[in-house]
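The entries follow in the order in which I made them.

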Number of protein chains: 2
Amino acid sequence: MANLYKEISGGITAPQGFLASGVTGGIKKSGKKDTALIYSQSPAKVAGVFTTNQCAASCVLLNKVNIKDGLAQAIIVNSGNANACTGERGYQDTQEMVSFTAKKLDLEKEQVLVASTGIIGEFLVMDKIKTGIDKAVADLSQSGGQEAAEAIMTTDTYSKELAIEFEVGDELVKLGGIAKGSGMIEPNMATMLGFLTTDIAIDSNLLQEALVEAINQSFNRITVDGDQSTNDMVTILANGKAGNNIIVDKDEDYNVFLDALKYVCTYLAHQIVRDGEGATKFIEVEVKGAQSLKKATKIAKQIANSQLVKTAMFGQDPNWGRIIMAIGASGVELDLSKVEIKINDTVLLEQGERVIEHSTETKANLLNDEEIKIEVNLNLGEYSDKVWTCDLSYKYVEINAEYHT
Amino acid sequence: MANLYKEISGGITAPQGFLASGVTGGIKKSGKKDTALIYSQSPAKVAGVFTTNQCAASCVLLNKVNIKDGLAQAIIVNSGNANACTGERGYQDTQEMVSFTAKKLDLEKEQVLVASTGIIGEFLVMDKIKTGIDKAVADLSQSGGQEAAEAIMTTDTYSKELAIEFEVGDELVKLGGIAKGSGMIEPNMATMLGFLTTDIAIDSNLLQEALVEAINQSFNRITVDGDQSTNDMVTILANGKAGNNIIVDKDEDYNVFLDALKYVCTYLAHQIVRDGEGATKFIEVEVKGAQSLKKATKIAKQIANSQLVKTAMFGQDPNWGRIIMAIGASGVELDLSKVEIKINDTVLLEQGERVIEHSTETKANLLNDEEIKIEVNLNLGEYSDKVWTCDLSYKYVEINAEYHT
């Protein structure tokens, strides 16, 4: 990804008027940080996109209600326990998390969003949650972005954050984000949390539209294992402190903001894939020449989710046979005699037949790098799409087989 | 599976009038058997079901033409090379395999079916193919069923065959089958070959109908890794030697045959899952109480294809949280407060909430056996479906990462 923006330090606390913290409430056996709080010093416009999983957790359900008025001021997050499939008691606990946080911050409870991530089916231990909230409120600071990024991690091996600045009209606007993965990642936002903050002034409906579009090209284009969780969400708070003329139309200012938002979301999405459970390779799958965007996407996802393709990439074998298998298995009609497959710019299949000139050595060296680009050209139309995934390694199996409930 | 039929020895050569062989033509580096021939001493009715992969191999395309007249007498199979994505030359090689076999057996080429399985994208070495065919014709015998079963194997660790006998009217009918897996196995018949023989007398259209129905409940209900290959097929030859009144209607005789066919196909399908790449567990996923069969199937497949569920089963962890995640990710609408999940008859989730009475020991012991039954009741309707899969182990990654093109 080209570096189009000026990156700045501070993550979600880089934009003006935002404070954050990440503390230990005692939820995780490891004793690591488990509670994050994001706070805007003034009411902010809010937008959110939530999991489509039919068994969505109570935090997702409650947020959908609370963002309806387009305003929010804080987000409380716990990691270590997803509070999903916990029925009525779980829903009450989620409400209590919100009410308790609101009270401590002197806000209405409708101004507080909530997220939980971790094990499914266990009740929250509310004492620990409240301990976490107490500490998080006390720790709120302008330098707390990094700690919040750490506190939302589960099986992530490193925290993910970015902040950039850019001009909107004559004003300097800042946009920051944090995210967590790292299993159950698949298009439509599986097991991931993303929280964005910005000081831009924008109408809340346009904020929602921009978020949806940015997510569609970033978080919804990544997959680790094709699984999808119950708790995923990406939210954004925009408090207007940058002082730009408030964006109320899809004008140039809107487009500047949208591009910046896509940039941050794509960066965070790629970080999630790079830190996918057991990942040793970052794989971009691009499908070109399709007859529709939908067909391009379908094929790209079929390749990206193929266990056989992913294990071949782990084994550093440019096995285009598995790629063509996945293309065909997508069910999208194609003309095999037109299909071209490249891996890292080397053409392996042309007009549906293998290119035989490559030496064994060339092929063996093709996948040495951590970055792999699989490019398929169907040569049937004008549409293309990209998705990003990682390989499937022993470590993935280890992480997921040895993690016990 | 209850043992409802009298099992007999002989596999595909158990039915009257069938000969088979399995020999080494020299295709596999390992020197193992790579060529199988199945031969009916008289013209037989034929039916076949083929991969829906859009990049279907030339053997699939040719067979679709050759079964149109409803008659065939021989099937030539090579393992080690799938002859897929080999363009015009590959198609000519397939035709040559058929013509050469037909000539050696003194048949018309339209009476010969052909199958290839193995690596994609390599041209057949026709000298080796012809050596194999020569030997296979010379070796044809009434006891050759087992050798044919061995010769169609690729990464299978053991050969799969079954023969049964049953009465149709006053006549004793025999039905035999062989199959191979064992990666790229997923509903809609991925990377698998199945060949059935029977001496029943039946109309070829009804034979096709019965085969489709039997496959739908067996081979199309198994999944190893969600991938689907370019070369899959299941065919059946019925030569009428049993002397029953030819079945021309969906009468009682037809139903007796259909049940027997389902039995053999299900047995072979289960064997494929049990021998799935790296499999240590055989998993049955049953979804009950759905509002339609389609919804039951969709949820069952989502669970069976979830890498997180499959790694949990490998790790012997009754992680129903991952099961509920998969149920929700299917996109099928449900009422979480009604969902029940059992593993090996132990209720883990009831009315959408976990059953907390189980001791850690009970849970730890729940998955000790090689057989796992996951049972989901949505409690919304009357439809149910079953699919079968295996777990995801280190060995799967090893087999597929270390297999090099």
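**Entry 1: a strand residue in chain A**

I located A:Gln41 in strand β3 of chain A, which covers residues 35-50. I note at the outset that the model is a predicted one. I next asked how accessible A:Gln41 is. Setting aside neighbours within four places in sequence, I found A:Gln41 in contact with A:Gly17, A:Phe18, A:Leu19 and A:Gln73.

**Entry 2: a loop residue in chain B**

I turned to B:Thr13, which lies in the loop between β1 (6-8) and β2 (18-23) of chain B. Is B:Thr13 buried or exposed? With 4% relative accessibility, B:Thr13 counts as buried. Beyond its neighbours within four places in sequence, its contacts are B:Phe18, B:Leu19 and B:Ala20, together with B:Ser141, B:Gln142, B:Ser143, B:Gly144 and B:Gly145. From B:Thr13 to B:Tyr158 I read 145 residues in sequence and 19 Å in space, C-alpha to C-alpha.

**Entry 3: helices α2 and α3 of chain A**

I examined helix α2 (residues 87-105) and helix α3 (residues 126-139) of chain A, whose axes come within 10 Å and cross at roughly 25 degrees. Since angles under 35 degrees count as roughly parallel, α2(A) is roughly parallel to α3(A). I recorded the crossing of α2(A) and α3(A) as right-handed. On the α2(A) side the contact involves A:Asp93, A:Glu96, A:Met97, A:Phe100, A:Thr101, A:Lys104 and A:Leu105, and on the α3(A) side A:Met126, A:Ile129, A:Lys130, A:Ile133, A:Asp134 and A:Val137. Sorted by class, the contact of α2(A) with α3(A) has seven nonpolar, one polar and five charged residues.

**Entry 4: helices α7 and α9 of chain A**

I then took helix α7 (residues 293-304) and helix α9 (residues 320-329) of chain A, which pack at an angle of about 135 degrees with their axes 8 Å apart. These two helices, α7(A) and α9(A), are therefore oblique to each other. The crossing of α7(A) and α9(A) is right-handed. I listed A:Ile299, A:Gln302 and A:Ile303 of α7(A) against A:Ile323, A:Ala326, A:Ile327 and A:Ala329 of α9(A) as the residues making the contact. The contact of α7(A) with α9(A) has six nonpolar residues, one polar and no charged.

**Entry 5: an annotated residue and a packing between chains**

I consulted UniProt, where an unreviewed entry places the feature "binding site" at A:Thr154, A:Lys180, A:Thr191, A:Glu277, A:Asn400 and A:Thr405. Of these I followed A:Asn400, found in helix α11 (residues 394-402) of chain A. A:Asn400 counts as buried, at 3% relative accessibility. Which residues does A:Asn400 contact, leaving aside its neighbours within four places in sequence? They are A:Glu277, B:Leu308, B:Thr311, B:Ala312 and B:Arg322.

I therefore looked up α11(A) against helix α8 (residues 307-314) of chain B: they pack at an angle of about 70 degrees, with axes 7 Å apart, which makes α11(A) roughly perpendicular to α8(B). I noted a right-handed crossing of α11(A) and α8(B). The contact is made by A:Tyr396, A:Val397, A:Asn400 and A:Ala401 of α11(A) and by B:Gln307, B:Leu308, B:Thr311, B:Ala312 and B:Phe314 of α8(B). By class, the contact of α11(A) with α8(B) divides into six nonpolar, three polar and no charged residues.

Key: Residues numbered from 1 in each chain as written. Chains lettered and ligands numbered in written order. Predicted model: local features only at pLDDT ≥ 70, side-chain atom pairs only at ≥ 80, totals over all residues. Heavy atoms only, no water. Axes fitted to C-alpha atoms, helices over the stretch in contact; angles between N-to-C directions. Helix = DSSP H or I, 4+ residues; strand = E, 2+ residues; numbered from the N terminus. Parallel < 35°, antiparallel > 145°, perpendicular 65-115°, else oblique. Left-handed = near helix turned anticlockwise from the far one by under 90°. Contact = heavy atoms within 4.5 Å. Nonpolar A, V, L, I, M, F, W, Y, C, P; charged D, E, K, R; others polar. UniProt positions renumbered as here; feature names shortened; annotations may be inferred. Buried < 20%, exposed > 50% of the residue type's maximum accessible area, 1.4 Å probe, protein only.
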